[in-house]
Amino acid sequence: MCAMKKTIIMFMAAMSFLMVVRVAIMLCTPLFEPSEARYAAISANMARTGNFLVPNFTYKGTYRPFAGKPPLVFQASGMFCRILGLNELSVRLTPFLSFLGLLAILFLVVRRLADAATGMLATGICASSVALYATAGFCMMDVPLTFCSSGALLLYALHRNGSPQPRPLVVCGVATLLGLGMLVKGPVALAIFGLPVLADAAINRKWQHILSLRWLPGILLFLAISAPWFWRMETAQPGFLRYFFVNENIMRFLVHDYGDRYGSGRETFRGMAAIWAVVVTLPWSLFALFRPQCMRLPALRTSFPLLATAAITAFWCLTSRVPIAYLLPVVPLFSAHLALYGTTDEPCRSAVWRALPFAAVAAAVVLAATVMVVIATAPERMPGESARPTARHNRFSYEFYNGPWGEGAPKGDVK
(Lines give C-alpha, C1' and ligand atoms only; values in the text may rest on other atoms or scores of the structure.)
Protein backbone atom coordinates (compact mmCIF):
# COMPACT_ATOMS: atom_id res chain seq x y z
CA MET A 1 0.00 0.00 0.00
CA CYS A 2 2.83 2.41 0.86
CA ALA A 3 4.61 1.74 -2.42
CA MET A 4 1.39 2.27 -4.37
CA LYS A 5 0.76 5.56 -2.55
CA LYS A 6 4.27 6.73 -3.41
CA THR A 7 3.69 5.77 -7.05
CA ILE A 8 0.45 7.74 -7.20
CA ILE A 9 2.09 10.81 -5.63
CA MET A 10 4.98 10.70 -8.08
CA PHE A 11 2.62 10.27 -11.02
CA MET A 12 0.31 13.11 -9.98
CA ALA A 13 3.23 15.46 -9.32
CA ALA A 14 4.77 14.81 -12.74
CA MET A 15 1.43 15.17 -14.55
CA SER A 16 0.46 18.34 -12.66
CA PHE A 17 3.80 19.95 -13.45
CA LEU A 18 3.51 19.07 -17.14
CA MET A 19 -0.03 20.40 -17.47
CA VAL A 20 0.62 23.65 -15.60
CA VAL A 21 3.62 24.46 -17.79
CA ARG A 22 1.78 23.49 -20.97
CA VAL A 23 -1.25 25.66 -20.18
CA ALA A 24 0.97 28.60 -19.16
CA ILE A 25 2.79 28.51 -22.49
CA MET A 26 -0.54 28.25 -24.33
CA LEU A 27 -1.75 31.39 -22.59
CA CYS A 28 1.30 33.62 -22.97
CA THR A 29 2.57 32.72 -26.46
CA PRO A 30 1.17 34.50 -29.55
CA LEU A 31 0.19 32.42 -32.55
CA PHE A 32 2.93 30.98 -34.74
CA GLU A 33 2.98 31.84 -38.43
CA PRO A 34 1.99 30.38 -40.78
CA SER A 35 0.24 27.05 -40.00
CA GLU A 36 -1.02 27.65 -36.46
CA ALA A 37 -2.19 31.17 -37.24
CA ARG A 38 -3.92 29.97 -40.42
CA TYR A 39 -5.93 27.33 -38.58
CA ALA A 40 -6.69 29.80 -35.79
CA ALA A 41 -7.93 32.36 -38.33
CA ILE A 42 -10.27 29.79 -39.88
CA SER A 43 -11.71 28.98 -36.44
CA ALA A 44 -12.09 32.66 -35.60
CA ASN A 45 -13.86 33.32 -38.90
CA MET A 46 -16.35 30.57 -38.08
CA ALA A 47 -17.04 32.23 -34.75
CA ARG A 48 -17.40 35.68 -36.35
CA THR A 49 -19.62 34.71 -39.26
CA GLY A 50 -21.60 31.89 -37.66
CA ASN A 51 -20.82 29.69 -40.69
CA PHE A 52 -19.68 26.46 -39.06
CA LEU A 53 -20.07 24.36 -42.21
CA VAL A 54 -17.45 25.75 -44.59
CA PRO A 55 -13.96 26.72 -43.34
CA ASN A 56 -12.95 30.10 -44.80
CA PHE A 57 -9.80 32.19 -44.64
CA THR A 58 -7.97 34.91 -46.53
CA TYR A 59 -5.34 33.51 -48.87
CA LYS A 60 -3.29 35.64 -51.26
CA GLY A 61 -5.62 38.55 -50.70
CA THR A 62 -8.89 36.70 -51.30
CA TYR A 63 -11.37 35.45 -48.73
CA ARG A 64 -12.08 31.90 -49.86
CA PRO A 65 -13.12 28.41 -48.67
CA PHE A 66 -10.40 26.19 -47.30
CA ALA A 67 -10.67 22.67 -48.73
CA GLY A 68 -7.43 21.27 -47.37
CA LYS A 69 -8.81 19.86 -44.09
CA PRO A 70 -12.19 18.71 -42.73
CA PRO A 71 -13.94 21.02 -40.25
CA LEU A 72 -14.09 19.31 -36.87
CA VAL A 73 -11.11 21.02 -35.21
CA PHE A 74 -12.12 24.37 -36.73
CA GLN A 75 -15.69 23.91 -35.50
CA ALA A 76 -14.62 22.98 -31.97
CA SER A 77 -12.13 25.86 -31.77
CA GLY A 78 -14.73 28.22 -33.25
CA MET A 79 -17.18 27.24 -30.51
CA PHE A 80 -14.52 27.90 -27.87
CA CYS A 81 -13.95 31.33 -29.48
CA ARG A 82 -17.68 32.02 -29.13
CA ILE A 83 -17.59 31.00 -25.45
CA LEU A 84 -14.18 32.30 -24.31
CA GLY A 85 -13.52 35.06 -26.83
CA LEU A 86 -10.87 35.38 -29.52
CA ASN A 87 -7.64 34.50 -27.77
CA GLU A 88 -4.83 31.98 -27.94
CA LEU A 89 -6.36 29.66 -25.37
CA SER A 90 -9.63 29.34 -27.29
CA VAL A 91 -8.05 28.01 -30.46
CA ARG A 92 -5.49 25.85 -28.66
CA LEU A 93 -7.97 24.22 -26.31
CA THR A 94 -9.19 21.55 -28.75
CA PRO A 95 -5.74 19.96 -29.26
CA PHE A 96 -5.03 20.18 -25.53
CA LEU A 97 -8.31 18.48 -24.60
CA SER A 98 -7.58 15.83 -27.26
CA PHE A 99 -4.25 15.26 -25.52
CA LEU A 100 -5.98 14.78 -22.18
CA GLY A 101 -8.53 12.45 -23.77
CA LEU A 102 -5.76 10.37 -25.31
CA LEU A 103 -4.02 10.06 -21.94
CA ALA A 104 -7.29 8.95 -20.36
CA ILE A 105 -7.86 6.23 -22.99
CA LEU A 106 -4.26 5.07 -22.64
CA PHE A 107 -4.56 4.80 -18.86
CA LEU A 108 -7.89 2.95 -18.96
CA VAL A 109 -6.77 0.47 -21.62
CA VAL A 110 -3.40 -0.34 -20.05
CA ARG A 111 -5.00 -0.62 -16.62
CA ARG A 112 -7.46 -3.12 -18.07
CA LEU A 113 -4.68 -5.07 -19.76
CA ALA A 114 -2.41 -5.01 -16.68
CA ASP A 115 -3.02 -2.93 -13.55
CA ALA A 116 -3.39 0.67 -12.39
CA ALA A 117 0.34 1.17 -11.76
CA THR A 118 1.18 0.07 -15.30
CA GLY A 119 -1.55 2.35 -16.61
CA MET A 120 -0.04 5.33 -14.79
CA LEU A 121 3.41 4.41 -16.07
CA ALA A 122 2.22 4.31 -19.70
CA THR A 123 0.37 7.61 -19.25
CA GLY A 124 3.42 9.30 -17.74
CA ILE A 125 5.67 8.07 -20.55
CA CYS A 126 3.26 9.37 -23.17
CA ALA A 127 2.69 12.75 -21.48
CA SER A 128 6.43 13.40 -21.10
CA SER A 129 7.31 12.54 -24.71
CA VAL A 130 8.51 15.93 -25.91
CA ALA A 131 7.01 16.02 -29.41
CA LEU A 132 3.47 15.09 -28.40
CA TYR A 133 3.60 17.23 -25.28
CA ALA A 134 4.74 20.27 -27.25
CA THR A 135 2.27 19.82 -30.11
CA ALA A 136 -0.63 19.37 -27.69
CA GLY A 137 -0.77 23.09 -26.98
CA PHE A 138 -0.70 24.44 -30.54
CA CYS A 139 -3.63 24.98 -32.89
CA MET A 140 -2.89 22.06 -35.21
CA MET A 141 -4.67 18.92 -36.44
CA ASP A 142 -2.08 16.35 -35.41
CA VAL A 143 -2.96 15.76 -31.76
CA PRO A 144 -6.73 15.43 -32.41
CA LEU A 145 -5.85 12.95 -35.18
CA THR A 146 -3.61 11.05 -32.76
CA PHE A 147 -6.43 10.98 -30.22
CA CYS A 148 -8.79 9.46 -32.80
CA SER A 149 -6.51 6.99 -34.60
CA SER A 150 -4.31 5.84 -31.71
CA GLY A 151 -7.29 5.89 -29.36
CA ALA A 152 -9.13 3.54 -31.74
CA LEU A 153 -6.09 1.23 -31.85
CA LEU A 154 -5.87 1.16 -28.06
CA LEU A 155 -9.56 0.28 -27.79
CA TYR A 156 -9.09 -2.44 -30.40
CA ALA A 157 -6.27 -3.85 -28.25
CA LEU A 158 -8.88 -4.59 -25.57
CA HIS A 159 -10.86 -6.66 -28.06
CA ARG A 160 -7.75 -8.22 -29.57
CA ASN A 161 -6.28 -9.30 -26.21
CA GLY A 162 -9.57 -10.60 -24.84
CA SER A 163 -12.40 -12.75 -25.99
CA PRO A 164 -13.10 -12.93 -29.73
CA GLN A 165 -16.67 -12.03 -28.81
CA PRO A 166 -16.91 -8.28 -29.49
CA ARG A 167 -17.62 -5.86 -26.70
CA PRO A 168 -20.35 -3.44 -27.92
CA LEU A 169 -18.77 -0.44 -26.19
CA VAL A 170 -15.40 -1.18 -27.82
CA VAL A 171 -16.99 -1.46 -31.27
CA CYS A 172 -18.94 1.78 -30.77
CA GLY A 173 -15.86 3.52 -29.40
CA VAL A 174 -13.70 2.49 -32.35
CA ALA A 175 -16.38 3.52 -34.88
CA THR A 176 -16.92 6.85 -33.14
CA LEU A 177 -13.22 7.69 -32.97
CA LEU A 178 -12.68 6.77 -36.63
CA GLY A 179 -15.69 8.84 -37.67
CA LEU A 180 -14.31 11.80 -35.77
CA GLY A 181 -10.88 11.12 -37.29
CA MET A 182 -12.40 11.43 -40.77
CA LEU A 183 -13.70 14.85 -39.77
CA VAL A 184 -10.32 15.85 -38.31
CA LYS A 185 -8.01 14.97 -41.19
CA GLY A 186 -9.73 12.56 -43.55
CA PRO A 187 -9.03 8.94 -44.57
CA VAL A 188 -5.53 8.96 -43.09
CA ALA A 189 -7.26 8.12 -39.78
CA LEU A 190 -8.57 4.91 -41.35
CA ALA A 191 -5.12 4.04 -42.74
CA ILE A 192 -3.40 4.54 -39.39
CA PHE A 193 -5.95 2.28 -37.73
CA GLY A 194 -6.43 -0.30 -40.47
CA LEU A 195 -2.84 -1.17 -41.32
CA PRO A 196 -1.83 -2.33 -37.81
CA VAL A 197 -5.06 -4.30 -37.44
CA LEU A 198 -4.55 -6.08 -40.77
CA ALA A 199 -0.86 -6.68 -40.02
CA ASP A 200 -1.77 -8.19 -36.66
CA ALA A 201 -4.41 -10.41 -38.24
CA ALA A 202 -1.95 -11.65 -40.85
CA ILE A 203 0.98 -12.24 -38.48
CA ASN A 204 -0.92 -13.62 -35.51
CA ARG A 205 -3.86 -15.13 -37.39
CA LYS A 206 -6.31 -12.99 -35.49
CA TRP A 207 -8.83 -12.97 -38.31
CA GLN A 208 -11.55 -14.27 -35.98
CA HIS A 209 -11.27 -11.08 -33.92
CA ILE A 210 -11.83 -8.98 -37.03
CA LEU A 211 -14.58 -11.14 -38.44
CA SER A 212 -16.39 -11.23 -35.11
CA LEU A 213 -16.70 -7.46 -34.95
CA ARG A 214 -20.18 -6.11 -35.50
CA TRP A 215 -19.31 -4.47 -38.77
CA LEU A 216 -22.73 -3.23 -39.85
CA PRO A 217 -23.56 -1.16 -36.74
CA GLY A 218 -19.99 0.14 -36.66
CA ILE A 219 -20.04 1.15 -40.32
CA LEU A 220 -23.44 2.80 -39.94
CA LEU A 221 -22.21 4.76 -36.90
CA PHE A 222 -19.03 5.77 -38.75
CA LEU A 223 -21.03 6.99 -41.76
CA ALA A 224 -23.57 8.79 -39.60
CA ILE A 225 -20.76 10.79 -38.00
CA SER A 226 -18.58 11.52 -41.03
CA ALA A 227 -20.61 11.32 -44.26
CA PRO A 228 -23.08 14.25 -43.86
CA TRP A 229 -20.41 16.96 -43.89
CA PHE A 230 -18.64 15.58 -46.97
CA TRP A 231 -21.97 15.30 -48.79
CA ARG A 232 -22.94 18.87 -47.88
CA MET A 233 -19.55 20.21 -48.97
CA GLU A 234 -19.78 18.48 -52.35
CA THR A 235 -23.26 19.91 -52.77
CA ALA A 236 -22.08 23.41 -51.90
CA GLN A 237 -18.80 23.15 -53.87
CA PRO A 238 -18.92 20.61 -56.72
CA GLY A 239 -15.50 19.02 -57.16
CA PHE A 240 -14.60 19.24 -53.48
CA LEU A 241 -14.57 15.47 -52.93
CA ARG A 242 -12.25 14.86 -55.87
CA TYR A 243 -9.78 17.52 -54.73
CA PHE A 244 -9.84 16.45 -51.08
CA PHE A 245 -9.63 12.69 -51.50
CA VAL A 246 -7.49 12.51 -54.66
CA ASN A 247 -5.20 15.55 -54.48
CA GLU A 248 -4.86 16.03 -50.71
CA ASN A 249 -4.88 12.40 -49.60
CA ILE A 250 -3.38 10.38 -52.47
CA MET A 251 -1.46 12.45 -55.01
CA ARG A 252 0.38 14.57 -52.43
CA PHE A 253 2.27 11.47 -51.30
CA LEU A 254 3.04 10.21 -54.81
CA VAL A 255 4.01 13.18 -57.01
CA HIS A 256 5.76 16.50 -56.46
CA ASP A 257 3.21 18.70 -58.24
CA TYR A 258 -0.11 17.34 -57.02
CA GLY A 259 -2.17 20.50 -57.50
CA ASP A 260 -1.94 21.88 -53.96
CA ARG A 261 -4.05 25.02 -53.65
CA TYR A 262 -2.29 26.26 -50.53
CA GLY A 263 1.45 25.89 -51.12
CA SER A 264 3.49 22.72 -51.56
CA GLY A 265 4.19 19.55 -49.58
CA ARG A 266 7.28 19.15 -47.42
CA GLU A 267 9.88 17.03 -49.18
CA THR A 268 12.29 14.75 -47.31
CA PHE A 269 13.24 11.24 -48.47
CA ARG A 270 11.68 7.80 -48.31
CA GLY A 271 12.46 6.18 -44.99
CA MET A 272 12.59 9.47 -43.08
CA ALA A 273 9.61 8.26 -41.03
CA ALA A 274 11.88 5.77 -39.24
CA ILE A 275 14.01 8.68 -37.97
CA TRP A 276 10.94 10.68 -37.03
CA ALA A 277 9.59 7.70 -35.06
CA VAL A 278 12.72 7.79 -32.90
CA VAL A 279 12.54 11.58 -32.51
CA VAL A 280 8.87 11.77 -31.51
CA THR A 281 9.39 9.18 -28.75
CA LEU A 282 12.22 11.15 -27.14
CA PRO A 283 13.39 11.03 -24.38
CA TRP A 284 12.10 7.47 -23.95
CA SER A 285 13.74 6.19 -27.13
CA LEU A 286 17.05 7.26 -25.55
CA PHE A 287 16.07 5.42 -22.38
CA ALA A 288 15.53 2.29 -24.47
CA LEU A 289 18.96 2.84 -26.07
CA PHE A 290 20.88 3.25 -22.80
CA ARG A 291 18.88 0.69 -20.84
CA PRO A 292 18.51 -2.12 -23.40
CA GLN A 293 17.79 -4.63 -20.67
CA CYS A 294 14.51 -2.76 -20.15
CA MET A 295 13.59 -3.06 -23.81
CA ARG A 296 13.90 -6.74 -24.55
CA LEU A 297 11.74 -6.59 -27.63
CA PRO A 298 9.31 -9.47 -27.85
CA ALA A 299 8.23 -10.85 -31.17
CA LEU A 300 5.79 -8.62 -32.99
CA ARG A 301 3.14 -11.25 -32.46
CA THR A 302 3.45 -10.75 -28.68
CA SER A 303 3.07 -6.96 -28.44
CA PHE A 304 0.25 -5.37 -30.44
CA PRO A 305 1.39 -1.82 -29.50
CA LEU A 306 4.87 -2.57 -30.88
CA LEU A 307 3.40 -4.09 -34.04
CA ALA A 308 1.18 -1.02 -34.50
CA THR A 309 4.18 1.27 -34.02
CA ALA A 310 6.12 -0.65 -36.66
CA ALA A 311 3.20 -0.75 -39.10
CA ILE A 312 2.52 3.00 -38.89
CA THR A 313 6.22 3.81 -39.29
CA ALA A 314 6.56 1.45 -42.27
CA PHE A 315 3.49 3.02 -43.89
CA TRP A 316 4.96 6.52 -43.72
CA CYS A 317 8.36 5.26 -44.90
CA LEU A 318 6.77 4.68 -48.31
CA THR A 319 6.55 8.42 -48.99
CA SER A 320 9.08 11.25 -48.94
CA ARG A 321 6.45 13.79 -47.85
CA VAL A 322 6.16 13.06 -44.19
CA PRO A 323 6.40 15.88 -41.59
CA ILE A 324 7.44 14.80 -38.13
CA ALA A 325 3.93 15.34 -36.78
CA TYR A 326 2.64 12.46 -38.93
CA LEU A 327 4.47 10.07 -36.59
CA LEU A 328 2.81 11.33 -33.40
CA PRO A 329 0.31 8.40 -33.39
CA VAL A 330 3.18 6.04 -32.52
CA VAL A 331 3.84 7.84 -29.20
CA PRO A 332 0.94 6.40 -27.14
CA LEU A 333 1.49 2.98 -28.74
CA PHE A 334 5.20 2.99 -27.90
CA SER A 335 4.32 4.17 -24.38
CA ALA A 336 1.91 1.26 -23.94
CA HIS A 337 4.54 -1.17 -25.21
CA LEU A 338 7.24 0.16 -22.89
CA ALA A 339 4.95 0.00 -19.87
CA LEU A 340 3.45 -3.42 -20.67
CA TYR A 341 6.40 -5.32 -22.14
CA GLY A 342 9.56 -3.33 -21.45
CA THR A 343 9.19 -3.24 -17.66
CA THR A 344 8.34 -6.83 -16.86
CA ASP A 345 10.95 -7.09 -14.09
CA GLU A 346 11.20 -4.87 -11.03
CA PRO A 347 14.63 -3.25 -11.72
CA CYS A 348 13.48 -2.02 -15.14
CA ARG A 349 10.15 -0.79 -13.82
CA SER A 350 11.89 1.07 -11.01
CA ALA A 351 14.30 2.64 -13.50
CA VAL A 352 11.42 3.93 -15.62
CA TRP A 353 9.65 5.36 -12.59
CA ARG A 354 12.86 7.09 -11.47
CA ALA A 355 13.31 8.53 -14.96
CA LEU A 356 9.75 9.86 -15.18
CA PRO A 357 10.24 13.10 -13.15
CA PHE A 358 13.39 13.91 -15.14
CA ALA A 359 11.55 13.26 -18.41
CA ALA A 360 8.72 15.57 -17.33
CA VAL A 361 11.16 18.36 -16.49
CA ALA A 362 13.05 17.79 -19.75
CA ALA A 363 9.85 18.03 -21.82
CA ALA A 364 8.82 21.29 -20.15
CA VAL A 365 12.31 22.81 -20.43
CA VAL A 366 12.71 21.86 -24.09
CA LEU A 367 9.33 23.36 -24.97
CA ALA A 368 9.91 26.59 -23.05
CA ALA A 369 13.43 26.98 -24.44
CA THR A 370 12.25 26.41 -28.00
CA VAL A 371 9.52 29.04 -27.69
CA MET A 372 11.96 31.57 -26.21
CA VAL A 373 14.51 30.92 -28.96
CA VAL A 374 11.86 31.48 -31.65
CA ILE A 375 10.72 34.70 -29.97
CA ALA A 376 14.32 35.95 -29.80
CA THR A 377 15.55 34.87 -33.24
CA ALA A 378 12.46 34.83 -35.46
CA PRO A 379 9.87 37.28 -34.11
CA GLU A 380 8.17 37.31 -37.51
CA ARG A 381 7.00 33.75 -36.79
CA MET A 382 4.74 35.05 -34.01
CA PRO A 383 3.85 38.68 -34.81
CA GLY A 384 0.65 38.72 -32.79
CA GLU A 385 -1.89 41.51 -32.98
CA SER A 386 0.61 43.96 -34.47
CA ALA A 387 1.01 41.99 -37.72
CA ARG A 388 0.52 44.11 -40.84
CA PRO A 389 -0.88 42.09 -43.75
CA THR A 390 -0.22 42.93 -47.38
CA ALA A 391 -1.82 41.75 -50.57
CA ARG A 392 1.40 39.91 -51.42
CA HIS A 393 2.17 38.32 -48.05
CA ASN A 394 -0.82 37.54 -45.88
CA ARG A 395 -0.39 37.43 -42.11
CA PHE A 396 -2.90 34.94 -40.77
CA SER A 397 -2.37 36.17 -37.22
CA TYR A 398 -3.64 39.59 -38.34
CA GLU A 399 -6.76 37.92 -39.64
CA PHE A 400 -7.23 36.09 -36.33
CA TYR A 401 -6.79 39.13 -34.10
CA ASN A 402 -8.42 41.77 -36.33
CA GLY A 403 -10.94 39.92 -38.48
CA PRO A 404 -11.02 38.79 -42.12
CA TRP A 405 -10.52 41.19 -44.98
CA GLY A 406 -13.70 39.96 -46.61
CA GLU A 407 -14.29 39.43 -50.31
CA GLY A 408 -11.65 40.63 -52.75
CA ALA A 409 -7.98 41.47 -52.46
CA PRO A 410 -6.88 44.39 -50.25
CA LYS A 411 -5.13 47.39 -51.79
CA GLY A 412 -1.60 47.50 -50.42
CA ASP A 413 -1.10 47.49 -46.66
CA VAL A 414 -4.11 47.14 -44.42
CA LYS A 415 -3.63 49.48 -41.48
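Helix H7 passes helix H15 in a right-handed crossing, a crossing being right-handed if the near helix is turned clockwise from the far one by less than a right angle, and left-handed if anticlockwise. The axes of H7 (residues 142–160) and H15 (residues 304–317) come within 11 Å and cross at roughly 135°, where axes are lines fitted to C-alpha atoms over the stretch in contact and angles run from 0 to 180 degrees between N-to-C directions. The two helices are therefore oblique to each other, since angles under 35 degrees count as roughly parallel, over 145 as roughly antiparallel, 65 to 115 as roughly perpendicular and the rest as oblique. On the H7 side the contact (heavy atoms within 4.5 Å) is made by Leu153, Tyr156, Ala157 and Arg160, and on the H15 side by Phe304, Ala308 and Ile312.

This is a predicted model, in which local features need pLDDT of at least 70 and side-chain atom pairs count only at pLDDT 80 or more, while totals for chains, interfaces and linings use all residues. Residues are numbered from 1 along each chain as its sequence is written, and side-chain values use heavy atoms, with hydrogens and water left out.

The protein as a whole has 18 helices and two strands, which are DSSP runs (H or I, at least four residues, for helices; E, at least two, for strands) numbered from the N terminus. Of its 415 residues, 56% count as buried, that is, under 20% relative accessible area with a 1.4 Å probe, protein chains only.

Leu327 touches Ala273, Trp276, Ala277, Val280, Thr313, Trp316 and Val322, leaving aside residues up to four places away in sequence.

Definitions and conventions: Buried means under 20% relative accessible area, exposed over 50%, partly exposed in between (1.4 Å probe, protein chains only).
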